Amino acid sequence: MTDTPISHPSPPLAPHGAGGGLAAVLFDMDGTLLDSEVLWAEAEKEVCADLGYVWGDADHHRNLGSHIEAVAAYIAERATRPVSAGHVATLLVDNLRGRLNNGAPPRPGATRLLAEVAASPVPAALVTSTYRHLIRPAFGPLGTHHFDTVVAGDEVDGRNKPHPEPYLRAVARLGVAPGHCVALEDSATGARSALAAGCVTVVVGTSLTVPEGVHTAASLEDLDLDRLHALIG
């Protein structure tokens, strides 16, 4: 697949909102804003060990960006003793909750970019496959006050990423057109969701193959509001 880099200098920019410009920034959570993928990997590894399956890097990468029900079903199929996907999901959530006492550390550039967007007229949404009750603990001291709306993984009627429903709900709540929104993701699964919803999509900090038509950036440190505005149109 062909990646479209955004590491080149930005073109001259119009003022925010001019000519139907950037209408909203849509943030994924795990691996994009928060360095929580390692916590998920630890939870997955421990739950699998208890179920008689050795969880490796290949398993983690295969499930990167997937919603918890899909990961739980994947584990249940490989467990050496009979277990339901629903029970595996409960084990994963309980295990992760125990690892979030101090929140997950923010990814490089996340705190600055969130603050920059929050201080601007451009609204922000959090669009995550993580369950609602885990979001606030995951953000810890960073807080969730930066977002105008939050779409959680247990609130989309089972139509989780890569289905476009999470992003469609976010733009509907904000009252904006998806084609004038930039979605920031870290996985091909999340990118497919955002693209299917019609959003301009940037995948940040991954060496994995991403869908065609997606922009890439090495880090959130390479992004600012002007750069995101330049992607629209």
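## His60 in helix α2

His60 is buried, since its relative accessible area is 14% (buried means under 20% relative accessible area, exposed over 50% and partly exposed in between, with a 1.4 Å probe and protein chains only). This histidine belongs to helix α2, which spans residues 57-62 (helices are DSSP runs of H or I with at least four residues, strands are E runs of at least two, and both are numbered from the N terminus). Leaving aside residues up to four places away in sequence, His60 touches Glu37, Ala41, Glu44 and Trp55 (a contact means heavy atoms within 4.5 Å).

You are looking at a predicted model, in which local features need pLDDT of at least 70 and side-chain atom pairs count only at pLDDT 80 or more, while totals for chains, interfaces and linings use all residues. Residues are numbered from 1 along each chain as its sequence is written, and side-chain values use heavy atoms, with hydrogens and water left out.

The chain has a mean pLDDT of 87, and 90% of its residues reach 70 or more (pLDDT is the predictor's confidence in each residue, from 0 to 100). Please take residues 1-19 with care: their pLDDT is below 50, and this stretch has 32 contacts in the model beyond near neighbours in sequence.

## Helix α3 against helix α4

Helix α3 covers residues 68-78 and helix α4 covers residues 85-97; their axes lie 8 Å apart and the two pack at an angle of about 115° (axes are lines fitted to C-alpha atoms, for helices over the stretch in contact, and angles run from 0 to 180 degrees between N-to-C directions). That angle makes α3 roughly perpendicular to α4 (65 to 115 degrees counts as roughly perpendicular, under 35 as roughly parallel, over 145 as roughly antiparallel and the rest as oblique).

From α3, the residues Ile68, Val71, Ala72, Ala73, Ile75 and Ala76 meet Ala85, Val88, Ala89, Leu92 and Val93 of α4. Sorted by class, this contact has eleven nonpolar residues, no polar and no charged ones (Ala, Val, Leu, Ile, Met, Phe, Trp, Tyr, Cys and Pro count as nonpolar, Asp, Glu, Lys and Arg as charged, and the others, Gly among them, as polar). The buried residues of α3 are Ile68, Val71, Ala72, Tyr74, Ile75 and Ala76, and they pack against α1, α2 and α4.

## Helix α1 against helix α4

Helix α4 also meets helix α1, residues 37-50: their axes come within 9 Å and cross at roughly 130°. At that angle α1 is oblique to α4, and the crossing is right-handed. On the α1 side the contact is made by Leu39, Trp40, Ala43, Glu44, Glu46 and Val47, and on the α4 side by Val88, Leu91, Leu92, Asn95 and Leu96. The classes here are eight nonpolar, one polar and two charged residues.

Asp186 sits in the loop between β5 (181-185) and α8 (188-196). With a relative accessible area of 7%, Asp186 is buried. Asp186 and Asp28 are 158 residues apart in sequence, yet 7.6 Å apart in space, C-alpha to C-alpha. Beyond residues up to four places away in sequence, Asp186 touches Asp28, Asp30, Gly31, Thr32, Glu37, Leu64, Val203, Val204 and Thr206.

Ile232 lies in the segment after α9 (225-230). Ile232 counts as buried because its relative accessibility is 12%. From C-alpha to C-alpha, Ile232 and Ala58 are 35 Å apart in space and 174 residues apart in sequence.

Key
A crossing is left-handed if the near helix is turned anticlockwise from the far one by less than a right angle, and right-handed if clockwise.
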